[in-house]
Amino acid sequence: MAALTTSLSILSFLFILNSIPIPSCSCPIHQKQALLRFKSTITTIFDSNSDPNSDEYVPFEELDSWSPKSDCCSWDRVNCTRTRNKTRIVTELHLDAVVPLFVDLVPVFSDILNPLFEIRSLKLLDISMNSLVGEIPGDGFGNLTGLVHLDMMQNSFNGSIPAQLFRLTNLRYLDMSTNYLEGGLGPELVSLRNLTTLMLSVNRFQGMIPPSLFKLESLRFLDLSNNSLTGGLSSEIGNLRNLESLKLNENFLTGSIPEEIGNLTKLRELWIGKNQLSGGIPSSVENLKDLESLDLSGNSFSLQIPSGIGRLPNMTTLDLSKNQFIGPIPPSMQNLRKLETLQLKNNMLAGEIPTWLFNIRSLKKLFIGGKGNRLIWNNKTKIVPKCKLEQISMSSCGFSGEIPEWISSQKDLNLLDLSQNQLEGEFPDWLAKMDIGSIILSDNKLTGSLPPRLFESLSLSILALSRNNFSGELPENIGNARAIMLLMLSGNNFSGQIPMSISNIYRLLLLDLSRNRFSGDKFPVFGDNPLLAYIDLSYNEFSGEIPVTFSTETQILSLGGNRFSGNLPRNLTNLVNLEHLDLHDNDITGNFHEVLPQIPNLQVLSLRNNSLEGFIPRTISNLTSLRILDVSGNNLAGSIPPEIGNLARMINTPDLSPTYDIFNFLIEFQDLILNWKNSFRGLSSRSLDIYSFLDLSENRISGEIPASLGNLKGLKLLNISHNDISGNIPVTFGNLKGIESLDLSHNKISGSIPQSLGKLDQLTILDVSNNRLTGRIPVGGQMNTMNELKYFANNSGLCGMQIRIICPEDVTSSKGEDEEDKKDSWIMWEGTWIGFPVGFFSSILIMGYSLNFLHLFKFW
């Protein structure tokens with residue numbers, strides 16, 4: 001009996017235990033399965049797009065801990081939280097950069113996110129820095145109503161922000177920066193009333209900043225930079241009193257900074273550079289006592305810099321560069337005891353550069369002077385800097401005499417820019433020994449040779465000494481400075497051969513030795529340099545055959561203005577990345593049709609003033625990127641191939657040109673010299689991308705002009721003068737809507753000038769002189785302005801109001817009217833002489849008859 005009682009007690013105890021809820025130690029099974037499906041999709045995509053035998057293969061190990069046999073709460077990148085009933089649920093997924101980067105990865109499509117949308121307990125989801133593409137799956141994100149933190153930055157999402165995302169009213173952190181999102185920002189933003197961080201930078205958003213944004217009064221961090229936002233900055237910005245960081249830089253904002261900006265007293269960062277803002281800096285900026293970084297650069301701000309700027313005690317970075325500020329540097333700035341970076345370049349500031357700048361002990365980077373400035377350095381000043389500068393840029397500041405020796409006290413210096421001054425003397429030895437990273441002394445009057453010690457530096461990365469009076473040969477040890485990336489020595493008097501050791505500079509990106517007196521026919525082998533993209537050796541005294549010892553990565557190769565001879569090397573075609581090839585003014589021979597470089601990326605080809613023969617081959621249409629072709633001044637024969645009208649980049653040219661802004665200074669590429677509007681001039685390489693040219697002049701080309709040239713509506717210049725071309729001017733030339741200069745002179749062209757040229761509203765020069773043209777010069781549009789007599793000379797049959805010659809048909813018409821008038825007059829007088837006597841005698845007869853008739857009736 002006792003045993004039975006004991007058994008019943010045990011069973012009762014077990015029953016009671018079973019009825020008590022036991023906390024689960026693992027995540028819910030449906031959440032685990034969803035995560036495993038996500039991993040499976042990622043793994044499948046990775047395996048299908050990777051080659052395990054490749055040297056670049058990276059094993060997919062990011063989710064190795066995600067095993068069906070273990071609790072998902074123990075997995076990497078997964079965080080769980082206990083609920084009130086003590087169960088564990090997944091609340092955080094840290095899936096940033098979950099897919100390793102490797103070559104030829106096929107983009108990961110957004111539908112792989114679907115399993116994650118089943119985990120509705122999520123409070124934090126980080127899917128940043130992956131390869132997610134397509135539109136954001138709104139329905140999925142809309143289900144995660146508990147989300148507090150959502151990070152989607154640095155993917156490839158496109159389209160607009162889905163409306164479902166605005167259901168996430170608990171969101172405090174939203175980062176969608178660095179994608180391809182577009183459209184406007186609408187009133188729906190007001191629903192995200194709990195947001196403290198909103199990051200939408202580096203997208204394609206357009207339109208104005210919506211008023212609803214200024215109702216998110218909890219915002220602490222707002223970044224809308226690098227978009228296409230327009231309109232002004234509303235005074236309602238002052239409502240966001242909790243803002244600590246406001247970044248609106250690189251948009252198209254206009255107007256002025258509202259005075260209400262001073263309400264943001266918690267602000268530490270204010271970046272609104274690179275917009276179209278104007279006016280002055282409001283005095284209320286003085287209220288921003290916590291401000292550490294202020295960037296107003298690249299706008300049109302004017303007036304003087306307010307003295308209140310100097311009363312911001314926490315300021316570490318102040319960038320007012322590239323504006324129109326006037327007046328002196330305010331003395332109050334010397335009170336900025338924490339200032340590390342001061343950028344005032346490219347303004348209209350005036351007065352003497354204050355020496356107290358060098359007494360700000362915290363100062364590390366100083367950028368003043370530059371284009372448009374009127375600041376002047378007092379060359380008699382002796383200073384002992386109290387700061388430890390890392391970067392000094394004082395271009396166009398009126399320095400004269402030798403390079404100031406106080407610079408030698410700046411032991412931490414890694415950038416020195418004293419370009420565009422009046423410095424004289426030789427390159428100082430103390431400067432060569434300082435081991436500075438970037439030395440920019442272009443556009444001065446420095447002389448002498450370069451000290452070999454300069455090239456023993458392991459830090460030197462930029463050496464820009466262009467347009468000085470340096471001379472002598474380059475030191476043989478130049479190749480020891482293996483860290484050099486940009487070497488610019490143009491416009492000096494250097495001579496001798498290029499040292500062979502220069503090819504040892506494995507980081508070299510740009511080499512400009514143009515406009516010197518370098519000579520020789522042996523060249524360093526650059527073929528092993530995988531980085532060297534820009535090479536300019538033009539306007540020197542090099543001789544021999546054209547060198548081909550360049551890397552396949554070369555993009556710009558300028559060898560014009562030398563003494564190169566021989567044929568165009570066939571292996572130039574190996575330079576598959578070449579975009580710009582300039583060999584003008586040499587003595588290159590051979591048949592053009594046999595040696596035309598077949599390089600698909602070639603955009604600019606200048607072979608002007610050489611001795612090329614042969615003809616222009618039909619295969620020129622294979623150069624699909626070609627937009628500037630200058631083969632003038634050669635001995636080319638044959639006709640113009642119709643296929644030249646298929647060159648796509650001459651049909652349409654891009655609207656924008658590239659900029660090259662490296663290490664805080666603008667790289668100065670050499671201009672491309674072309675015969676532009678009847679004079680040789682340089683076209684800036686900065687704007688070269690918007691131009692399209694075709695110059696076939698001064699050859700022996702014959703035949704008729706192909707009508708297909710009219711397809712090239714992107715052309716700015718078409719010059720086929722000084723050839724043996726015959727036939728008519730094609731009517732299709734009226735389609736050359738971008739043409740500014742059209743030169744057909746010194747040929748055998750006959751017929752009339754087509755009336756269609758009246759549609760060319762960009763035309764400024766039309767030269768048809770020395771041909772066999774006849775008929776009336778067209779009128780209308782720009783043709784009415786073509787009144788330079790020399791551009792129509794030696795065409796005996798031309799007439800028109802432009803050259804003040806009456807056309808024969810106008811004369812004929814005038815004579816016809818005179819003869820008609822004479823005829824009418826003769827008829828009138830003839831009628832008068834005949835009609836008068838007939839009428840007179842008729843009247844007598846009638847009167848006589850009437851008298852006899854009356855006599856019969858005895859009226860008398």
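1. Arg 268 is partly exposed, with a relative accessible area of 28%. Here, buried means under 20% relative accessible area, exposed over 50%, and partly exposed in between (1.4 Å probe, protein chains only). This is a predicted model: local features need pLDDT of at least 70, side-chain atom pairs count only at pLDDT 80 or more, and totals for chains, interfaces and linings use all residues. Residues are numbered from 1 along each chain as its sequence is written, and side-chain values use heavy atoms, with hydrogens and water left out.

2. What does Arg 268 form a salt bridge with? The partner is Glu 244, and the closest N and O atoms are 3.1 Å apart. A salt bridge is a side-chain nitrogen of Lys or Arg within 4 Å of a carboxyl oxygen of Asp or Glu. Arg 268 sits in the loop between strand E14 (245–247) and strand E15 (269–271), and Glu 244 in the loop between strand E13 (228–230) and E14, so the pair ties together parts that are 24 residues apart in sequence. Helices (H or I, at least four residues) and strands (E, at least two) are DSSP runs, numbered from the N terminus. Glu 244 counts as buried, at 15% relative accessibility.

3. A search of the whole structure finds 16 salt bridges. Another one joins Glu 643 to Arg 618, with the closest N and O atoms 2.7 Å apart. This pair links distant parts of the chain, 25 residues apart. Glu 643 is in the loop between strand E44 (628–630) and helix H6 (648–651). Arg 618 is in the loop between strand E43 (604–606) and E44. Arg 618 is exposed, at 52% relative accessible area.

4. Arg 776 forms a salt bridge with Glu 809; their closest N and O atoms are 3.4 Å apart. The pair links strand E56 (residues 772–776), which holds Arg 776, to helix H7 (residues 808–856), which holds Glu 809. The two residues are 33 residues apart. Arg 776 counts as partly exposed at 37%, and Glu 809 counts as partly exposed at 42%.

5. Glu 62, Arg 77 and Asp 96 form a network of linked salt bridges.

6. An open sheet of 3 strands runs in the order E20-E22-E24, with parallel pairing. Two strands pair if DSSP finds at least two bridges between them. Strand E20 (326–327) and strand E24 (374–376) are the edges, each pairing on one side only. E20 pairs with strand E22 (residues 348–352) over 2 bridges. Ile 326 stands opposite Met 348 in E22.

7. Which side chains of strand E52 (residues 724–727) are buried? Ile 725 and Gly 727 point to one face and are buried.

8. E52 has parallel partners. Strand E50 (residues 702–704) pairs with E52 in the parallel sense over 3 bridges, and Glu 704 has Ser 726 in E52 as its bridge partner. E52 also pairs in the parallel sense with strand E54 (residues 748–751), over 2 bridges. Gly 727 stands opposite Ile 749 in E54.

9. Glu 402 lies in the loop between strand E26 (400–401) and strand E27 (415–417). Glu 402 counts as exposed, at 62% relative accessibility.
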